[in-house]
Amino acid sequence: MQARKITLIEIGAGALPSLTPAAPRQSSWFPVVYTAGVTPPVDGVVPNPVADGVLIEWAAVDQAGVVYIIERGPTQEGPWTEIHRTTETRYLYSDGSGQAWWFKITASVRGKPGEGSIVEGTPGKVPSYAEIEELNRQIGQERIDRFNEDARVAAAAAAEAPFKANLARDVALARADAVAAQVADILEADEWTVVGVYPVGDLVQHAGRLYRARVETTGQQPDLFPAVWELIGEYASLGEAVAGALSMTTVNAGEIEAQASQLQAIQVRMPVGAGAIASEASVIAERNARVSADEAQSSQLDAVKARMPAGSGGVASEASVVAEAQARATGDAAQSQRTDAVVARLPAGNGSLASQAGVTAVEQASVDRDNALGQRIEQTNAALEGKAETSALLLLSSEVQQLEGAVSANSTAITQVKASTAANPNMIANPTWRSGFASWTTPASGGAYSDASFGPFAAILATASNDTSYQFIPGPITPGRHTLSGDIFRNGLQGNARLVLSAYNSDGLIGSVTAMSDPTKLGVWTRYSCTIDAPAGTTRLLVGIICEVTDAVSSFRRLKLELGAVPTVWSDEVTVGGTASATQALEVRATTLENGQSQLQASYTWALNVNGQAIGMTSVNNGNIGRIDFVADIFGIVDPNNTGSSTYEGGRWLTRSGGYMLAHGKPFGTSGDLLFWIGVGSNVAACSKANGLFWVDNKGNGYFGGSLSAGIRRNAYRSTAVSTTATVESPPFGTGGAPKTVVFSLAYYNSGYLDSGTPGVVANSAIMTLQRSYNGGAWETVSSMQVGGQTSVYYDDLWGRYSYEAQVGGSVTFTDGLPGTGTFAYRVLLSGAAGLWPITLAEANGSNFHIGSQELSLISTEA
């Protein structure tokens, strides 16, 4: 070791000199300590429950660098636990418990918090797997029940149809027999004799006239006792009536047209009475021959008609038989057609029989150049008095056509069924202006509006002259009275606000009527109506609303144009439809091309139309490509045992089985950006990234809750809620029956600063409990362990604050050897927390408070 020299200096034995203090310096400025301003409270806090949580939103605080602190408590007074910090003005809290919580939202600016705003919110409760499974089962069962009920109703209707048809046929035959008997009674009327005995209603001939007995009589000469005999006509018999019948022949020859026509009519009217004989009987025969240019036509029409007096019996009020045969040649076309019709009307009553039934058959054959067409149409109609009307139409058509070396054969079958519930339909399109001024002319001022209290309407502003909106109702127009009705709302006393109804024929305006509003009825909807008698030949009607020299807005709504002299309850058949129809078409086509090749095509279509809402299916097969297209709002398939179902709805496919659902298609879910989702659920609107086992969104993001391990079944779940009572639970999952390794763990960590503290170390701990449910059974505890950690505290001289570091965690592995291939579910519960955790800390400068991070995880693996 090297020696070092030291020099000592003697300074004496006296005291050491004292330190001369430094002279104080006087500054020219004074320090100003910064005092932070008052942080305002958070206003407009609104909790909105959502599918699996509560969305809390609030108004922004107008301060720079503001941070919002969200705290949760069991009561309005707390105690409060900080759960989140954010710079956004919304926060989604989700625990799926359905438990009501109190939330305090506090704004903090540079570490200085303001006054907290407190609201109560209840997160949506996440249904259990069993509840979701039952909901999905009900969805499938509803479809099965609906199908079974439709099948039952169809079978019942099919079973009842022959009975009703036979009954209508029997009644029609009975009335035909009655008509024949009445005509025979007229033809066989006896000559009156003085010794004859004549019951009430008996017909006799006397002195060239026909009489009917009013009472039972004998020996009283008809022309001398008018109180006993009623004079019927001027002829003694139908033979003499024929001799005096009207005969008319008209011949008109023109440059290129010649026509011959003959009309013969025989008519007998019977007095109205209480008997069963006809009030009117007629026989008409018409023959017509016509030549016009290169057209020739021959037509014959025979008709027999009888009208019965109105009564309460079950016989027909009217029966008619019409037969028409026609032959026609036009240019190089030839056509033959035959139509037979039988119509029977039954008196109105309380029974279930039709008020009118008709059967029409048309058979037609036509040859036109190289075209051959055979067609048959059958139509059946039935109407119930004051109730729904139904009709069915079957069309069968076959056609062979040759054009420039190509031969085409086409066969078509169409079946259509239509039902209508409109007893007195509205003829106006868009009668409420719900679709703006569609179908209407647009007024110079005003517009179409809608009010929540009284629906859509049209308004015309005040006008110094006149303003109007109208629409034409196209033909065919049924002759007779038509009534226009509508509501008018006046806001001023001056001028006219009115409805107008006009009738037109091919020459122009026939006539017009109007309904003026009462100017004294202000601020109230009042209904008005007017009626016009449309004669035969009317081609269209006009309906309109007119305002003339008004001082305020006038409004109109619920217009209705209907056949009849009395306005009925408002309806909207043109817009709503009021009808339901079903159409089915089958087409087979074979075409031989010029090169000799053959082309085959078959198509099948069915469509349902209710109130203008149409759905259906079409399929086409040309031998190379077969295609099927569906149009429907909802398309569902369910197996008969209801173990699963698939539905196409709203542009998405939904597959449900048990408590699980797979959804994919048009973006959906709580965030509106999911394209594919698998999880426990039933409602597509409740799907979220938080409750999905597997999802993909429209931004390319995805999540898969398990692992892609060959030969291994793995289920992993976690909870990031910072809480000493946090839980994590797996939904039920399938198993291969092998032992499962379950790893469950807890990890909590936070570090930061506080203004106060006690230096040292505090032990932290919590108990993790693993529970199992097998095949949906009760939860049972299978493993439990305490995990630990610590919170260390020391004073940091640099920042003048106390520094904290808190952590707690641990991991447990449990091997579940329970045998069985049923469903397993696991959950982990936290309890018995002790120590200084979780803890809310700030940054070193006293700002940006945070509660730390926590993860409670559960992983099950089966080899």
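Predicted model: local features only at pLDDT ≥ 70, side-chain atom pairs only at ≥ 80, totals over all residues.
Buried, as used here, means under 20% relative accessible area.

View 1. Cys 687 has a relative accessible area of 1%, so with a cut-off of 20% it counts as buried. Cys 547 is buried too, at 0%. As a reminder, a disulfide is a covalent bond between the sulfur atoms of two cysteines.

**View 2. A four-stranded open sheet.** Read across the sheet and you meet the strands in the order β27-β32-β29-β30, with antiparallel pairing. The edges belong to β27 (466–474) and β30 (508–516); each has a single partner strand, so one side of each is left without a neighbour in the sheet. From one strand to the next, the twist averages 20°.

**View 3. Zooming in on β29 and β30.** Here β29, covering residues 496–505, runs antiparallel to β30, and eight bridges join the two. In general, strands of a sheet pair through backbone hydrogen bonds, either parallel or antiparallel.

**View 4. Strand β50 and its partners β47 and β49.** On one pairing, β50 (residues 801–816) meets β47 (residues 740–754) in the antiparallel sense, over 15 bridges. Leu 746 has Gly 810 of β50 as its bridge partner. Strand β50 also pairs with β49 (residues 780–796), again antiparallel, this time through nine bridges. Look there for Gly 789, which stands opposite Val 808 in β50.

**View 5. The turn between β49 and β50.** These two strands make a hairpin, with four residues between them. Which residue takes a positive phi in this hairpin? That's Gly 800, with a phi near 65°.

**View 6. A three-stranded open sheet.** The order this time is β1-β2-β5, and the pairing is antiparallel. At the edges you'll find β1 (46–50) and β5 (90–93), each with a single partner strand, so one side of each lacks a neighbour in the sheet. The twist averages 20° from one strand to the next. Strand β2 (residues 53–57) pairs with β5 over four bridges, and Glu 57 stands opposite Arg 90 in β5. In a regular strand, the side chains alternate between the two faces of the sheet.

Terms used:
Residues numbered from 1 in each chain as written. Heavy atoms only, no water. Buried < 20%, exposed > 50% of the residue type's maximum accessible area, 1.4 Å probe, protein only. Pairing = 2+ DSSP bridges. Axes fitted to C-alpha atoms, helices over the stretch in contact; angles between N-to-C directions.
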